[in-house]
Structure formats: structure tokens, C-alpha cells
Amino acid sequence: AAAAAAASSSATDAAAAKSSKSKSDFKPDARKAAESASAPSASAAASKEVEEDDADDPPAAPAADDKVDSRPNISLVVIGHVDAGKSTLMGHLLCLVGNVSSKQMHKFEKESKQIGKASFAFAWVLDEGEDERERGVTIDVCVKHFETKSRLFTILDAPGHRDFVPNMLQGAVQADVALVVVDVSHFEAGFERGGQTKEHLQLARSLGISQLVVAVNKLDTCGWDQNVFETIKGKLHAFIVGPECGFKESVVSYIPLSGFSGENMLESKEEALKAWWQGPTLIESLDTLKPPPRAPADGPLRVCISDLYKSGATSCLSGKVESGTISTGQKVLLLPSGEQTQVKSLQCRSDAVRTARPGDYLDSLALPVELQFASIGGVVCDIKRPIPCVDTFQAQLLVFDVDIPIMRGQQVMCYLHTETVTATISRLEKLIIKGKPQDKRPKCLQKGNVAIVSLQASKKVCVEPKSASGPVTSLSRLILRDRGSTIAAGVVLSV
């Protein structure tokens with residue numbers, strides 16, 4: 001009976017993950033351009049096999065009139081418990097920085113009022129689906145862009161409801177830094193066991209997110225009380241820098257604000273807040289975030305596919321460049337399908353570009369292939385330096401708070417970069433205590449254990465073993481979930 005329940009829960013988890021679809025912010029003219037670029041010769045180009053000796057053609061240099069922005073790209077995932085005000089906060093921020101026109105905002109205000117959800121107008125900037133707007137809950141990851149004086153940001157607005165944690169993982173795995181939104185009016189609901197604030201923080205740490213900005217939201221509802229802010233900050237900070245999360249104190253900052261009124265986002269006007277807060281605003285805090293170490297631009301090309309759609313004879317993909325450089329005209333390999341093709345066009349931050357480098361988020365990567373050869377969770381890579389595509393691999397795991405010990409033969413949902421797959425723990429290899437592998441093979445794994453295990457996936461997946469030197473990319477990280485809960489996280493050691 002327990003096995004049946006586990007299988008049923010895993011199937012539900014898989015269905016939720018499968019429904020995940022990042023809604024990239026495409027301009028209408030960009031989509032038309034992609035369609036007009038689909039000439040009759042595109043299908044012929046797709047069927048024509050690329051010669052292997054041409055695989056390493058050097059990337060095309062940017063045109064002389066191309067403007068190269070020296071500001072670093074940073075991907076920011078917005079996480080926190082459901083109803084903490086994440087979408088409202090980021091929607092209002094996009095309005096304040098001028099990314100949403102007054103005409104668009106008036107339209108959102110009018111339409112949200114018509115269905116009795118006038119307070120959700122700012123959230124509608126990011127929550128574009130009908131289901132999301134009717135329910136008032138973010139379901140899919142939405143991708144938007146904005147910029148500050150010294151940074152270019154890609155926002156990945158993640159859902160907070162526990163049913164959509166698989167969707168949240170699709171956003172967090174592509175992020176460099178995280179904005180954690182906590183609600184002062186329902187803080188305990190998100191922070192106690194079963195709340196998503198703790199789980200999201202642990203997942204962010206496990207996925208390699210290096211810096212946190214904590215937005216203590218809805219502080220206007222308690223009259224900008226400093227004691228409320230300090231109490232919540234104290235509880236959060238103890239968890240964030242404690243053994244369960246393990247962030248360094250120096251990479252965490254806290255900002256009191258109101259996402260609905262806009263106070264302390266771009267500027268502070270409220271006297272009750274200014275009386276005790278002399279720290280930075282939200283935008284000032286974001287502007288000080290440091291870009292994380294990147295994989296080399298001359299390394300093997302790796303672009304994880306997070307979304308795709310068909311436009312004429314062209315397949316348009318979205319995803320983050322993890323390593324290497326990709327340019328228009330470059331010949332690439334799609335895995336796990338093994339299809340070879342040539343890059344037709346690139347779109348980054350809603351603008352057409354010639355080249356994209358590690359850390360860039362591609363809104364559109366146009367390839368003249370049929371959609372069947374590309375898939376969410378697949379990888380665009382070099383022809384002569386492909387990523388390993390396997391169904392068995394070894395990983396080092398840290399076990400989270402589990403009710404039932406992890407056993408050999410257990411089926412789990414495995415989240416590898418943007419891929420989701422059912423996997424079986426085929427063998428518990430070694431327990432690691434204080435950094436030293438033990439000789440005796442463990443019979444089960446409990447909370448806090450660090451161990452090396454072998455996993456058997458239900459299909460071939462693209463994974464890259466952890467590099468001995470250089471940063472660990474999302475292609476080496478994995479999350480294991482079972483029965484609706486996260487049970488472990490780790491890195492791939494070998495394939």
C-alpha cells in the first residue's frame with residue numbers, strides 16, 4: 001500500500017513538473033521576425049546533415065555597430081511562501097523602473113477590478129495565465145528583464161504554493177541570486193514546518209545560489225514597527241546562516257518594504273520607516289549584488305532548454321547559457337535527440353543579438369529543426385564536445401528532513417537542471433562522515449546524512465559531472481523529491 005501511495009505521489013509530482021513552462025517576455029515583433037525568418041529552405045537545412053569537420057567553426061564576431069553592454073547579467077529568482085506578495089512586489093518594481101507603460105497598467109487595473117481582484121493589478125504584470133489571474137496564485141515561472149545603474153537583471157518569478165515546487169525548481173536552477181519575500185502578517189505559516197519559506201531557502205542553497213536579499217514585505221500593515229522587522233529578521237537569520245541552510249552572513253541582506261505601496265523599493269518616503277531605517281532601498285541593495293563565477297566562455301557550449309515553441313519551420317528555444325559562447329550561424333548539437341543544426345538567430349533581453357556568453361538568458365534561440373528534436377530539459381551543445389547523455393550516474397547527496405529513511409530501490413522524482421525524470425536509487429555506495437568516506441555500506445540514509453549513491457533514471461538525461469576546478473553549474477546539480485517533499489539534494493560525481 002505504501003509503495004502504491006509513493007508511486008501515485010511521484011506521478012502527481014511528475015505531472016506538476018511537466019506542466020512547468022517559463023513564459024518568456026517576447027515582444028510581438030520578435031515573434032513575427034522569427035516567423036518571417038522561416039523560409040522554405042529552413043526545413044531543407046534541418047534535414048541536411050552538418051559536416052563534422054565544420055563543427056568547430058569559430059563564433060561570429062559582433063558587428064561593428066553592435067553595442068556591447070559592459071554591465072554584468074544576473075539572473076534573480078523570486079522565492080517565498082504562497083501569498084507573501086512576490087508577484088505584486090516585482091510587478092510594482094517593473095512599473096517603478098519604467099518597464100510597464102501607464103496604458104498597460106491601466107488595463108491591468110481595469111480588468112482585475114472587473115473580476116473582483118483589484119489588489120492583484122501589479123501581480124498581473126507577471127501572472128499572465130488565465131488560471132493564475134482567476135486563482136490569484138502564480139503557477140508557472142515568468143521571465144522578465146530590468147536594469148539598474150550597474151546591473152542587468154533577469155527576473156524569474158517562481159510560484160510559492162507547495163503544489164508547484166517542481167515549477168519553482170525550474171526557475172531557481174537558472175538563477176544566480178535570490179530575492180526571498182516574507183510576509184509579516186503570515187510569517188509563521190511560511191516559516192514553520194510545512195511552510196515553503198524554509199524549503200525554498202534550502203533548495204536555493206542546494207542549487208548553488210550564492211547571495212540572498214530578504215524583502216520583509218507588508219510592513220505597512222503593522223505601522224512600520226521596527227520590533228516586528230527585527231523579530232522576523234532574527235528568526236530568519238538564525239535559519240539562513242545555521243547548519244540547515246549554511247549561507248554566509250556577508251551574502252545576506254534584509255530590506256523592510258511594502259510591495260503594494262512601493263515604499264522603500266526605489267525610494268523611502270514614509271516617515272515612520274525613515275525614523276529607524278537608514279539602510280538601502282530594494283533597488284540599491286540589488287545593485288550591489290556581485291555576479292557569480294562563470295564557466296569559461298571558451299569552454300564547451302551548454303545551453304539548458306527551459307521553454308520552446310514552434311514558429312513556422314523554426315523551433316524557438318529559451319534558456320540560460322551555462323558555459324561556452326553561442327553565435328548566429330554556429331553549428332550545434334541538440335541532446336538527447338542527437339540532431340545537428342545551425343543557429344539562425346538569437347534574442348536576449350528582447351533584443352536581437354549576434355553572440356551570447358555564460359550567464360546570458362536567451363529569450364529566443366531559433367533553430368531550423370522540427371520540435372520533436374528539442375525538449376525541455378535538453379541541452380544545446382558543441383558537436384565535438386557534447387555533454388554526457390546517460391541513464392545511470394553517481395551522486396553525492398545531503399539528506400533533508402525525511403519522515404522515512406531513504407532505502408535502496410526507492411523511486412524518486414529527480415530534478416536535474418531543467419530536466420525532470422523518475423529515478424530509482426539503485427545502490428547506497430558510501431556514507432561520508434566529517435568528509436571521510438566510510439568502508440561499510442549504509443543500509444539506509446537519515447536526516448543530515450551525506451552519502452554517495454547510484455541512480456538509475458527512467459530515460460537518458462544530459463548531466464555533467466562536477467568539475468574538479470571551476471564553478472559547479474546547474475548541469476551537475478540535482479534535487480530528489482518523494483511524496484510531495486524534498487528529501488535530498490546534491491551533485492553528480494560521475495557517469
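Which residue stands opposite glycine 319 in S16? Leucine 362 does.

## Basis

This is a predicted model, in which local features need pLDDT of at least 70, side-chain atom pairs count only at pLDDT 80 or more, and totals for chains, interfaces and linings use all residues. Residues are numbered from 1 along each chain as its sequence is written, and side-chain values use heavy atoms, with hydrogens and water left out.

Strand S9 covers residues 314–323. Helices (H or I, at least four residues) and strands (E, at least two) are DSSP runs, numbered from the N terminus. Ten of the ten residues in S9 are buried. Buried means under 20% relative accessible area, exposed over 50%, and partly exposed in between (1.4 Å probe, protein chains only).

S9 pairs with strand S8 (residues 302–311) in the antiparallel sense, over nine bridges. Two strands pair if DSSP finds at least two bridges between them. Valine 303 has valine 321 in S9 as its bridge partner. The hairpin of S8 and S9 has two residues between the strands, and glycine 312 takes a positive phi there, near 65°. S9 also runs antiparallel to strand S16 (residues 361–367), with five bridges joining them.

## Lysine 344

Lysine 344 sits in the loop between strand S12 (339–342) and strand S13 (345–348). Its relative accessible area is 27%, so lysine 344 counts as partly exposed. Its side chain makes a polar contact of 3.2 Å with the side chain of threonine 314. A polar contact is a pair of N or O atoms within 3.5 Å; within protein, one must be able to donate a hydrogen and the other to accept it, and residues adjacent in sequence count only if both atoms are side-chain atoms. Lysine 344 and cysteine 316 are 28 residues apart in sequence; their C-alpha atoms are 9.8 Å apart.

## Nonpolar cores

The largest nonpolar core has 79 residues. Such a core is a set of buried Ala, Val, Leu, Ile, Met, Phe, Trp, Tyr and Cys residues joined through side-chain atoms within 4.5 Å. Leu179 and Leu236 have the most contacts inside the largest core. Strand S5 (residues 177–183) gives this core its largest share, six residues.

Beyond its neighbours within four places in sequence, the contacts of leucine 179 (heavy atoms within 4.5 Å) include Leu76, Val77, Leu89, Val213 and Leu282. Another core, of 27 residues, lies apart from the largest one. Phe393, Val402, Ala457 and Leu478 are among its members.

## Helix H9

Helix H9 (residues 196–206) is mostly covered, with nine of its eleven residues buried. Among them are Gln196, His200 and Leu203. Glycine 208 follows H9 and has a positive phi, near 90°.
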